[in-house]
Amino acid sequence: MESGDALDPVRESRGPGSVLPPAPPPAVGWSAAEPESPAAAGPAAPPSRPASLRAPIAGHPSVGPVGLCIVGCGRFAMFHARAARRLRPRVALSFASREASRAEACRRRFGGTAAFGSYEAAAEDPRVHALVVCTPHHLHLEHVRLAARHGKAVLLEKPIARTVVEADELLRVARGAGILLLVGENFHFMPAFAAARALLRRGAIGRVRQVLVAARGYRRPTGWRCRREETGGGLLIDGGVHWIHLLRDWGGAIATVSALAPPRLFPEAEGEDTVFLLARFESGAVGLLANSLATPRLPRWQWSWVSGDGGSLGVDSLGRTLWLRARGDSRFRIFLRDRRGLAAQLTEFVAALQEGRPPLLPAESTREDLAVVRAAYRSLETGQPVRVADAS
Ligand SMILES: NC(=O)c1ccc[n+]([C@@H]2O[C@H](COP(=O)([O-])OP(=O)(O)OC[C@H]3O[C@@H](n4cnc5c(N)ncnc54)[C@H](OP(=O)(O)O)[C@@H]3O)[C@@H](O)[C@H]2O)c1
């Protein structure tokens with residue numbers, strides 16, 4: 001799949017096989033009352049959170065548009081810039097790059113209000129209320145620290161960090177500074193996946209028993225993506241973390257994982273290029289993720305399915321279609337707008353900032369996605385199933 005690597009979400013299950021909201025508050029801070037999507041959510045009350053997360057969130061300090069600065073003007077930053085353009089005049093967009101000329105070129109291209117030749121200059125500028133951090137994974141903690149020092153909100157690209165230990169430190173920094181942190185797990189906001197979540201919660205296919213996620217394609221990694229130290233691994237922590245989010249969205253919390261990878265296809269890349277991951281959900285359901293960027297000549301149109309005791313629900317890997325096949329309720333839907341969910345994600349971020357509330361997708365949930373990745377890496381090393389709770 002293309003590395004506008006799309007897709008994500010997350011919900012915990014109530015009990016074995018259930019797709020209903022959980023009785024106790026989930027460990028990831030997921031709310032049973034969480035609305036399905038920003039559009040469906042409206043101005044709903046913020047989700048209830050564990051006591052540890054009830055720190056106040058610094059709100060947007062002034063009237064007028066929210067000053068959003070895109071930090072790191074690489075490939076995916078351009079996707080955010082296009083989404084942000086759609087939010088005008090609610091946002092005033094600016095760009096920060098290590099190269100002033102690159103930031104200025106983006107400002108001109110997207111009609112921004114300012115361009116900064118360093119990330120620090122953007123963070124300290126009073127016109128900037130929030131940073132949209134689009135830098136490599138090894139810099140995520142550093143750039144959240146930068147935002148925290150200046151009291152700025154952060155929309156941080158996924159994954160939250162390279163390790164669970166690093167993620168916990170990042171969460172501690174954000175909480176300590178009282179800043180809003182939304183991790184850019186855009187699968188959560190993709191219209192097709194949000195619609196799937198709503199159907200599952202409504203019990204459209206009954207109790208979830210099986211999840212089969214297929215996301216295989218071909219893309220040779222380049223630059224920092226070839227270096228384990230900078231990515232934190234290989235494919236699974238990069239594009240794969242989205243699909244893990246989808247697994248958890250459909251099947252609930254994951255208890256254990258086993259992972260296998262074939263020998264690498266690209267000698268220049270240190271991390272894995274293909275992973276097959278078998279998951280045991282806490283509910284007792286099972287899931288399989290087949291994820292690869294080293295599978296030549298496959299069609300990009302692939303389907304992932306979640307099956308319950310009353311039917312099956314599928315989405316295609318590009319988030320264009322949803323197919324429900326259930327007793328008394330079968331339907332096929334096509335999604336054309338905001339397919340990656342980036343405008344919905346940014347809308348939620350800006351709304352949370354203006355309302356001084358936590359985002360609908362808690363950063364702690366993306367920490368759980370990472371824990372599954374890390375457990376899978378441990379399983380690749382040991383050849384054994386690994387408990388997600390033991391991941392570091
Ligand atoms: N949600 C999704 O679907 C999705 C898709 C793709 C990527 N992403 C995520 O977005 C983030 C950026 O990925 P990308 O594909 O946009 O990467 P990229 O094209 O390599 O851009 C990264 C940018 O970070 C800045 N940077 C700062 N220090 C750097 C360093 N030491 N090495 C390299 N770049 C550095 C650079 O911008 P300046 O030179 O302008 O400062 C660079 O252009 C990652 O977290 C990635 O996982 C998410």
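A: Happy to! The axes of H6 and H11 cross at roughly 170 degrees and come within 9 Å. Helices here are DSSP runs of H or I with at least four residues, strands are runs of E with at least two, and both are numbered from the N terminus. Axes are lines fitted to C-alpha atoms, for helices over the stretch in contact, and angles run from 0 to 180 degrees between N-to-C directions.

Q: What does that make H6 and H11 to each other, roughly parallel or roughly antiparallel?
A: They are roughly antiparallel. The cut-offs are under 35 degrees for roughly parallel, over 145 for roughly antiparallel, 65 to 115 for roughly perpendicular, and oblique for the rest.

Q: Which residues make the contact?
A: H6 gives Val 164, Ala 167, Leu 171 and Ala 174, while H11 gives Ala 363, Glu 364, Arg 367, Leu 370, Ala 371 and Arg 374. Two residues are in contact if their C-beta atoms, placed from the backbone, lie within 7 Å. By class, the contact of H6 with H11 has 7 nonpolar, no polar and 3 charged residues. Nonpolar covers Ala, Val, Leu, Ile, Met, Phe, Trp, Tyr, Cys and Pro, charged covers Asp, Glu, Lys and Arg, and the others, Gly among them, are polar.

Q: Before we go on, where does the model come from, and how is the numbering done?
A: This is a predicted model, where local features need pLDDT of at least 70 and side-chain atom pairs count only at pLDDT 80 or more, while totals for chains, interfaces and linings use all residues. Residues are numbered from 1 along each chain as its sequence is written.

Q: Back to packing: at what angle do H9 and H11 pack?
A: Helix H9 (residues 240-251) and helix H11 (residues 363-382) pack at about 110 degrees, with axes 9 Å apart. H9 and H11 are therefore roughly perpendicular to each other. Among the residues in this contact are Ile 244 and His 245 of H9 and Val 372 and Val 373 of H11.

Q: What about Arg 297 and Asp 338, is each buried or exposed?
A: Arg 297 is exposed, with 6 other C-beta atoms within 10 Å, whereas Asp 338 is buried, with 20. Buried takes 20 or more other C-beta atoms within 10 Å of a residue's own, exposed 12 or fewer, and partly exposed is in between, with C-beta atoms placed from the backbone. Arg 297 has a positive phi of about 65 degrees although it is not a glycine, and for Asp 338, also not a glycine, phi is about 45 degrees.
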